[in-house]
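Subject: Structure handover

Hi,

Here is the structure I promised to pass on.

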Amino acid sequence: MIFSHKILLWYAQNKRSLPWRQSTDPYKIWLSEIILQQTRVAQGLPYYLKFINRFPTVEDLARASEDQVLKLWQGLGYYSRARNLHATAKMVVNEYGGVFPDTFKGLLGLKGVGDYTASAIASICFDIPEPVVDGNVYRVLSRYFGIGTPINSSEGIRYFKQLAREVMDVGQIRDYNQAIMEFGAIQCVPKNPDCQGCPLNQGCVALQKKRVDELPVKQNKTKVRKRYFNYLVVIDSENRTLLQQRKGRGIWQNLWEFPLLETKGNINLTEMEHRYNEVITIEDAPEIHQFNQDDIVHKLSHQHLYTKFWIVKTDSYMGNGIDFGTLEAYPVPVLIADFIKTFKI
């Protein structure tokens, strides 16, 4: 087919040199795909290299503690991916003898591995003709064929998967899948693509109908929720502080953080002086001051966190505290990591 042939020709001339492209090792391909979900290559590449250096094999990753994995992942966000990564490594070692399944169906049985990741591993590692459909592929197919079906609708997911199957190059599936993803990443980009220099421009429906900026179509996103976080950074007479681990299935599960007072809106110093004891117990009357005057706005997919740090100094000694200088050893959300770097006792 002309479409797949041109994609492969473009890839041969324009593909980036990336470390996982030098391998068909399922561990390396799986690791790269998990890291690159919802992450640009420029941001994900250093993390991939850190993980491969620290955990060269799936057995090494399986033996690691969850805290070690979360700490190495710190800053990438979507921490459920890191927890699934760790769980899958253990699964591969304990249930499959350290060998990844070599079928599409078998790969789908791994925790955190969905249709896209299973298709990528199956095609790249085992030459199985399964089409990949990620955000880049949706964009290329939607524009080239002029499809307005929302890509995040049930109908759209089924339609684009079938279309991807029809246009893929079965005989060169390993290169083709990587080629169409790469094409979307650096040629058919979301904004201001170079359509004049595109090898597919003559057959591109979106270009002909002036719909490049409209496609692909997404259904309305979930309404963003505002939350107000107040972190209490307690410092005692021995420069010890309090840290606690988040439990439950919410954001940042199993990461560490300072005691948190979540409020319905912004609060002032007087309110904090009356409410700090809702989350911490201190024998004396502490000295409290606000670290940042303006909220630090941390944006997640469905919620924006308006965050303030409050320094709580006490003359009491906290036997259950930890030395402030050891905080960098703990896996924490990136906004807390940034605070730790800037705050000096």
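Predicted model: local features only at pLDDT ≥ 70, side-chain atom pairs only at ≥ 80, totals over all residues.

Helix H6 (79-96) and strand E7 (296-299) each put at least two residues into the lining of the second largest pocket; helices (H or I, at least four residues) and strands (E, at least two) are DSSP runs, numbered from the N terminus. H6 has the largest share of that lining, with 3 residues. The pocket holds about 490 Å³ of space and has 19 lining residues, with Gly77, Tyr78, Tyr79, Ile251 and Leu300 nearest its centre. By class, the lining splits into 8 nonpolar, 8 polar and 3 charged residues. Here Ala, Val, Leu, Ile, Met, Phe, Trp, Tyr, Cys and Pro count as nonpolar, Asp, Glu, Lys and Arg as charged, and the others, Gly among them, as polar.

On how pockets were found: on a 1 Å grid over the protein atoms alone, a pocket is an open set of points where a 1.4 Å probe fits, with protein on both sides within 12 Å along at least five of seven lines, and lining residues have an atom within 4 Å of a point. Grid points are joined across faces, edges and corners, and the volume is the space filled by probe spheres set on the points.

Residues are numbered from 1 along each chain as its sequence is written, and side-chain values use heavy atoms, with hydrogens and water left out.

Now the largest pocket, at about 2000 Å³. It is lined by 47 residues, and those closest to its centre are Gln38, Thr39, Asp134, Gly135 and Asn136. Helices H2 (26-36), H3 (41-54), H8 (115-126), H9 (135-145), H10 (154-167) and H11 (173-186) each supply at least two residues of the lining. Which of them gives the most? That is H11, with 6 residues. The class count for this lining is 20 nonpolar, 13 polar and 14 charged.

Glu182 counts as buried because its relative accessibility is 2%, whereas Arg16, at 28%, counts as partly exposed. The cut-offs are under 20% relative accessible area for buried, over 50% for exposed and partly exposed in between (1.4 Å probe, protein chains only).

Arg21 belongs to this story too: Arg16, Arg21 and Glu182 are linked in a network of salt bridges. Arg21 sits in the loop between H1 and H2 and is partly exposed at 21% relative accessibility. Leaving out residues up to four places away in sequence, Arg21 touches Tyr11, Lys15, Arg16, Gln178 and Glu182, a contact being heavy atoms within 4.5 Å.

Glu130 pairs with Arg165, the closest N and O atoms being 3.1 Å apart. Here too distant parts of the chain are linked: Glu130 is in the loop between H8 and H9, Arg165 is in helix H10, and they are 35 residues apart. Glu130 is buried at 13% relative accessibility, while Arg165 is partly exposed at 32%. Glu214 and Arg211 meet at 3.0 Å, N to O; Glu214 is partly exposed at 46%, and so is Arg211 at 25%.

Finally, the overall picture. The chain has 14 helices and 9 strands, and its C-alpha trace spans about 75 × 50 × 35 Å along the principal axes. Of the 345 residues, 50% are buried. Among contacts between residues at least 6 apart in sequence, 68% join residues at least 24 apart. The accessible surface comes to about 17500 Å², with 48% of it belonging to carbon and sulfur atoms; areas come from the Shrake-Rupley method with a 1.4 Å probe, and for residues only the protein chains shown count as cover.

Cheers

How values were computed
Salt bridge = Lys/Arg side-chain N within 4 Å of Asp/Glu carboxyl O.
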